[in-house]
Amino acid sequence: MKNCSHKNLTCLNPYELIRKYQCLDCEEVMMCDCDKKIGLKYLSHQLSEGTELKNQKRIPVSLGFQKNICRECRGLKPEVYPKAEMYGATSKIKRYYWRELHFKQLEIFERLSSRGTVDPILDTSEEVQELYKKAKNKALKEIKKLHKENPKYEYNELTEPEVIEKYNIDVLNFKGTYIKSSKHEKSKVQYKDEPVTVEDYVRLKFREDGYDSLFLESRPLHALFGVFMWILIQDPVDPKNRMVGFGDRNAFEKNGEKVLIHTFLPEDFGTSGYYERRKNAINKHISELEQEQSDLDWLFRYWSQHSYNFRQYLWAHKETDLIRAKELLNVLPTSTILKILRYLVSDYWGNYVGWPDLLAFKDNDFIFLEVKSTGDSLSDVQKNWIKNNYEHLKFPFQLVKVHKHKEIEI
């Protein structure tokens, strides 16, 4: 469409540093001129195409940089796209301002550098990386100041009390004697004169009521998913399946060695778009598992080895992951196992974290338990799981708090 004003735009993927926008009128793809300087200098590899967030489809950039494309350049309020909590980036400043921090770090590095236009992403020399680290610290201070004086984003997550009220969470409170230690270790609580972790304390308290329990969190669920879903995910008739390479997890964990292994994965794996695209095949696969529920134990053993490379990709490759996944298979009803598989495949990268600490069970009864010690609070990924459990999974769930009754030193 000639002379299009590009007023009707959508961002292909807000989590790209150099964002691409598609005009819904003329269908052209472009970038905003405000990203041109830093894009050309440091991120040229990101300028030729964009990747749609929903399905990971790659779309060529057709119009390059254009003026007044992003919301801010059009005088509109920027939309909020916080990143999930991860190691080294749990604060709201780092999660909400991740893009501004990266750009500011490059800007400050350029000012500090005496070596011209050296690229700190490509130059791994000690001098350059030390300067880049210094720029990172300065950038964080500047963005913190900017947010304090004139916040660009509003933090919109629910507080823990709001989550508890909104999703009708049953909170179980214990009082414990905490053990003071000068060592940097997990909190310990006294149980019958023995120091135990807070999670073990809750396990032991539930045992008093006849419940056994398993450590849960995420990895045994990833292993379950890997074993039962590999044959669907790596289906050779899927036109989007292609060979991918990644680092061997075992070699890396053993001695830091970088060994490349290969397996098949669809290019849109882990997205909600994958689920929508493959919904019929997913429904058929899960229906077949339901029909074979008496043989799930046999299938688990048989598919454990076949799924190894896929489980490597999911970081569910250890023997202990398989053992814990097998325990879940023995404890949970088949309907619950299948519901977990469907929940994960519907949006794997959105749903794979935040699972509770423990699974307690007795006879035909089970309950998911999130354990918090004194001073701890729910993380954002845990809040997200609680929301999804309330709206979709509907599994029995309790938040267990172990409050500090007193503290002793031993």
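## Chain overview

Among contacts in the chain between residues at least 6 apart in sequence, where contact means heavy atoms within 4.5 Å, 68% join residues at least 24 apart. This is a predicted model, in which local features need pLDDT of at least 70 and side-chain atom pairs count only at pLDDT 80 or more, while totals for chains, interfaces and linings use all residues. Residues are numbered from 1 along each chain as its sequence is written, and side-chain values use heavy atoms, with hydrogens and water left out.

The chain has 16 helices and 15 strands, taken as DSSP runs numbered from the N terminus (H or I over at least four residues for helices, E over at least two for strands). Along the principal axes, the C-alpha atoms fill a box of roughly 70 × 55 × 45 Å.

## Surface and burial

The accessible surface of the chain comes to about 22900 Å², with 48% of it belonging to carbon and sulfur atoms; accessible areas come from the Shrake-Rupley method with a 1.4 Å probe, and for residues only the protein chains shown count as cover. Of the 410 residues, 45% count as buried, a class that requires under 20% relative accessible area, against over 50% for exposed and values in between for partly exposed (1.4 Å probe, protein chains only).

K372, found in strand β14 (residues 365-373), counts as buried because its relative accessibility is 9%. Leaving aside residues up to four places away in sequence, K372 touches S377, L378, Q382, L399, V400, K401 and V402.

## Packing of α10 with α14

Helix α10 (residues 279-291) packs with helix α14 (residues 334-346) at an angle of about 165°, their axes lying 11 Å apart; axes are lines fitted to C-alpha atoms, for helices over the stretch in contact, and angles run from 0 to 180 degrees between N-to-C directions. The angle therefore makes α10 roughly antiparallel to α14.

From α10, residues I282, N283, I286, L289 and E290 meet L338, L341, R342 and V345 in α14. By class, this contact has 6 nonpolar, 1 polar and 2 charged residues, where Ala, Val, Leu, Ile, Met, Phe, Trp, Tyr, Cys and Pro count as nonpolar, Asp, Glu, Lys and Arg as charged, and the others, Gly among them, as polar.

## Packing of α11 with α13

Helix α11 (residues 296-306) and helix α13 (residues 319-331) pack at about 165°, with 11 Å between their axes. In α11, the residues L296, D297, F300 and S304 meet L322, A325, K326, L329 and N330 of α13, and the residues of this contact divide into 5 nonpolar, 2 polar and 2 charged.

How values were computed:
Parallel < 35°, antiparallel > 145°, perpendicular 65-115°, else oblique.
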